[in-house]
Amino acid sequence: MRLLAKLGLAATACLLWASAAAADTTVKWLHLEVNPAQVKIWEEVARAYEASHPGVKVEMQFLENEAYKAKLPTILQSKDRPNIIYSWAGGVLKTQIEAGVLEDITDQVKGYSDSLTPAALAAFTDNGRVYGLPISLSQVGFLCNKELMAKAKVDPAAIKSWDDLLSAVKTLKAAGVTPIVVGGADKWPLHFYWTHLAVRIGGKPAFEAALRGENGGFAGETFQKSGELFKQLVDLQPFQNGFLGFKNPQAVGYFGDGKAAMTLAISSVYNLQRALAADKVGLSEDKICWFDFPTVVGGKGSPTDTLGGITGWLVTKGSPKEAVDFLKYFISKDVQTRLAAGNFIIPVVQGADAGLNNSFMKLIAANLAKSNYHQNFYDQSLGPSVGRVVNDVTAEIAGGSMSPQDAAKAIEAARKQGN
């Protein structure tokens with residue numbers, strides 16, 4: 001009897017050990033989302049996944065956007081690195097693939113990947129191998145405050161060309177309205193101007209030629225002219241006082257507070273401005289407007305060309321298989337439809353766009369659908385070293401400490417050094 005009792009205790013211990021071992025599978029998910037309404041949905045999805053996958057815990061971790069960019073290379077070398085990390089794809093992703101810090105998840109997403117928009121999945125694919133999964137598309141354009149535009153008698157629908165934008169800025173200033181708010185301290189919001197001007201002036205051929213070092217590379221005519229036109233805007237002093245000291249969340253909140261007429265921003269700011277406004281209400285749908293980035297006279301880019309992001313999630317090297325399994329659960333038609341219905345994303349899962357129930361989000365989705373050239377953010381597309389220079393020099397043009405010509409030369413020098 002004693003022997004049977006001991007065997008029984010041993011069997012119980014084994015079962016408890018097995019249960020504990022199963023419960024030890026933790027998927028660490030590092031994100032940088034600051035909109036609590038969106039994070040709440042993410043948390044609900046994570047808890048639902050845990051409930052249907054006993055023994056798996058999804059642990060959400062947060063880092064602020066700029067801290068994430070600065071610390072990520074070090075984080076990826078840590079033994080305690082997260083399993084799922086945020087990504088803007090592009091050259092930064094390519095650098096991470098080459099460094100061997102990511103899992104090749106091609107085999108794990110076979111079949112499932114057919115449900116994703118091909119162009120979005122392609123952004124996370126390198127040499128035919130999949131290293132991440134997309135979650136959303138975005139477009140950069142001008143969000144505007146209807147009341148402040150009306151106060152200055154500026155019609156946003158009439159802003160079609162770069163000269164129209166300059167004229168609108170002058171009119172707004174004359175009416176005592178701050179024309180544009182920007183988070184200059186983070187630099188990348190300023191690079192939207194220089195980059196989008198390059199898209200309008202030279203189109204896709206100019207960017208691809210510059211990558212090959214042709215026509216002067218990024219020191220060529222297209223990119224010098226981008227800087228010159230950006231300086232035209234800067235010389236009008238269009239931004240809020242102290243703009244180089246504003247972080248992007250602060251600038252988004254400033255727009256949501258109704259203190260500036262326009263902001264050149266990622267389309268997701270339409271929703272984010274509410275969360276970051278002082279009253280947590282921000283501008284309602286009937287008070288907010290949008291216009292696409294203006295065209296440039298003589299520009300070779302198409303008016304339908306877009307600048308924006310294809311964002312997603314990567315799985316780090318050595319992560320448990322549950323990390324990929326959770327991502328497939330998270331980036332599903334049901335969850336994407338729910339996020340689309342909340343105006344949080346332009347979905348990448350086919351059929352999830354049925355959740356879009358807002359005229360603004362439908363407009364952005366339509367713009368992206370008709371775009372034959374969607375340029376990823378330069379600071380991501382060109383990789384960390386060159387991208388950092390792009391951000392630095394555009395901030396210097398904005399601050400008046402660098403000429404457009406020297407800025408273009410600095411970017412080209414960084415490109416050559418990186419080759």
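The model is a predicted one, in which local features need pLDDT of at least 70 and side-chain atom pairs count only at pLDDT 80 or more, while totals for chains, interfaces and linings use all residues. Residues are numbered from 1 along each chain as its sequence is written, and side-chain values use heavy atoms, with hydrogens and water left out.

Thr195 lies in helix 8 (helices being DSSP runs of H or I with at least four residues, numbered from the N terminus). Apart from residues up to four places away in sequence, Thr195 touches Leu307 and Tyr378, contact meaning heavy atoms within 4.5 Å.

## The largest nonpolar core

The largest nonpolar core has 138 residues, of which Trp29, Leu133, Trp162, Met262, Trp313, Phe330 and Ile331 touch the most other members. Helix 8, residues 188-211, gives the most to this core, with 11 residues. Such a core is a set of buried Ala, Val, Leu, Ile, Met, Phe, Trp, Tyr and Cys residues joined through side-chain atoms within 4.5 Å.

With neighbours within four places in sequence set aside, Ile331 is in contact with Tyr112, Leu116, Leu133, Pro134, Trp313, Gln336, Val348 and Val349.

## Helix 7 against helix 9

The axes of helix 7 (residues 162-174) and helix 9 (residues 221-234) come within 10 Å and cross at roughly 15 degrees, axes being lines fitted to C-alpha atoms over the stretch in contact and angles running from 0 to 180 degrees between N-to-C directions. Helix 7 is therefore roughly parallel to helix 9 (angles under 35 degrees count as roughly parallel, over 145 as roughly antiparallel, 65 to 115 as roughly perpendicular and the rest as oblique).

Trp162, Leu166 and Val169 of helix 7 meet Leu229, Phe230, Gln232 and Leu233 of helix 9. By class, this contact of helix 7 with helix 9 has six nonpolar, one polar and no charged residues, where Ala, Val, Leu, Ile, Met, Phe, Trp, Tyr, Cys and Pro count as nonpolar, Asp, Glu, Lys and Arg as charged, and the others, Gly among them, as polar.

## Helix 2 against helix 13

Helix 2 (residues 36-52) packs with helix 13 (residues 333-341) at an angle of about 160 degrees, their axes lying 11 Å apart, and the two helices are therefore roughly antiparallel to each other. The contact is formed by Gln38, Ile41, Trp42, Glu44 and Val45 of helix 2 together with Val335, Arg338 and Leu339 of helix 13. Its residues divide into five nonpolar, one polar and two charged.

Notes. Buried means under 20% relative accessible area, exposed over 50%, partly exposed in between (1.4 Å probe, protein chains only).
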